[in-house]
Amino acid sequence: MSTEALFFFFRIPLKQLLNYLHKKVSNIHASQFKFQKSPSFVLRSGLTDCDTLVFNVEGTLLKSSSLFPYFMLVAFEAGSLLRALLLFLLYPFTCLVREEMGIKMMVMICFFGIKKASFRAGSAVLPKFFLEDVGIEGFEMMRRGRKKVAVSCLPRVMVESFLRDYLEVDIVVGRELKVVGGYFVGLMEEKKKDMSGLEAIFGDDQKRSCRTAIGINNLNRPIAHHFFSHCKDVYLMSEADRTSWHHLPRDKYTKPLIFHDGRLALRPTPLSTLAMFMWVPFGSCLAIFRIIVALSLPNKISLPILAFSGLRLKLTAKPKGSPSVLTAKQNKPKGLLYVCNHRTLLDPLYISFALSKPVTAVTYSLSRLSELLAPIRTVRLTRDRNQDGKMMDKLLSQGDLVVCPEGTTCREPYLLRFSPLFSEMSDNIIPVAMDSHVSMFHGTTAGGLKCLDPLFFLMNPCPSYNIQFLEKVSGASCHDGGESRFHVANHVQSELGKALGFECTSLNRKDKYLTLAGNEGIV
């Protein structure tokens, strides 16, 4: 008999058993708190007057009932490809045991041997995928409590940053991991130790707090009496209601998601993970083939071959006239200065493809391997304003130049602050709006090996680039006033933001690396 047939056969008896058990629990503790099975009652009631809201993260906030994608992200990003493969192969066995044992098995696979001090997947990788799984109905319910207490069956290092930083949860109660010699050993502390600190949530005046405390849990998840017995009411949400929720829109985030790290661009569900592992051998060969074609063949021959291999380039507008050389005020020939936002290390290369001519690219950080393999000329900047200015002026006298004034890449629809140095280098500035799309792997990283960035980007089945050349902008020398270079930089940033539909920010490279890698990003 198939699994579906067994599930259908036992579905009704199991549901009746669950309802009976919940009624029993409700009768036992009726003197302390009561249960409600209609979550819509929470939306209609005076929950805005609730001092404390205790809710289950997995059962009442997230739409998906599977925790596998989050553990796969930890295994892949904090571990390795082999660790991720081991988790995938053993996942069917975790489905055969009860949820608590399944979580313990996945914790052992994902965390064993990981250094605690270097574990940043919980703050740099997981928040994006958690936010994409939040239901707007559960989010609105959560926001109605003045003090929000999140209860999770996942390790606290996986959920704390997501809940505190992006949902403004006051207290996060999760499972603690055992550490020996600074390394995770893959074991969780006993639940009693994790729960013992909950008494402090209600403060000294527990009677008053209990009169206004509300608990929200899922009907299919066990009631943790130590938590919810402090609540005046406990609302049980059905699985059908939760799966019918809508995803939380980006504009509803309490804090915008600007920075995130990790290589995986897809949500690693079991099926998508299977597709990824099947694709990796072929994708690696395809990426090497694309690199060889780009390095060894001229543009007229390589571009059709690369397009046939799956690379996509959409050119919205090209500069009018001949973009090669212009004459400056000193009657000395100078090249054009192309100023673009930074999506991947391949930005200058795609501009060269779009112009059908070689250009020189200046960059703040580039691995030696990428520098050696680059089919166009690349020059490192020293972060010394005077020295970099002289270098860029010299390069402009030799031809066209591409610069990314953000100084680092940004994956999300935001533009970081533009360094104003470029505005002093030329009076012929052409802003270039760039956007890239991938389906499987990100071609950027803050905490990983940057030399692999182009390889991961080219491993995608059909990576695409959209390029739009905007109208020429005059440099700072054409404006009066000492602050004109900042005005020019902000104007170029604003024009690129309008063309792309991105939001301009005042954040910079340092902010990104402090958030994602815990350093200032100086390479």
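Here is a short chat about a helix and a sheet in this predicted model.

The model is predicted, so local features need pLDDT of at least 70 and side-chain atom pairs 80 or more, while totals for chains, interfaces and linings use all residues. Residues are numbered from 1 along each chain as its sequence is written, and side-chain values use heavy atoms, leaving out hydrogens and water.

Student: What makes residues 68–79 helix H4?

Tutor: Helices are DSSP runs (H or I) of at least four residues, strands (E) of at least two, numbered from the N terminus. H4 has twelve residues. From first C-alpha to last, H4 reaches 15 Å, close to the 16 Å expected; that expected span is 1.5 Å times one less than the number of residues.

Student: Why is H4 called mostly covered?

Tutor: Buried means under 20% relative accessible area, exposed over 50%, partly exposed in between (1.4 Å probe, protein chains only). Nine of the twelve H4 residues are buried, among them Phe-68, Tyr-70 and Phe-76. Helix H5 (81–95) and strand E3 (147–155) are included in the cover.

Student: Why do E9 and E14 count as edges of the seven-stranded sheet?

Tutor: Two strands pair if DSSP finds at least two bridges between them. The open sheet runs E9-E18-E17-E12-E15-E13-E14, with mixed pairing. Strands E9 and E14 each have a single partner strand, so one side of each lacks a neighbour in the sheet.

Student: How do you know that E12 and E17 pair?

Tutor: Four bridges join E12 (337–340) to E17 (429–437), and pairing takes at least two. The two strands run parallel, with Val-339 opposite Pro-431 in E17.

Methods. Contact means heavy atoms within 4.5 Å.
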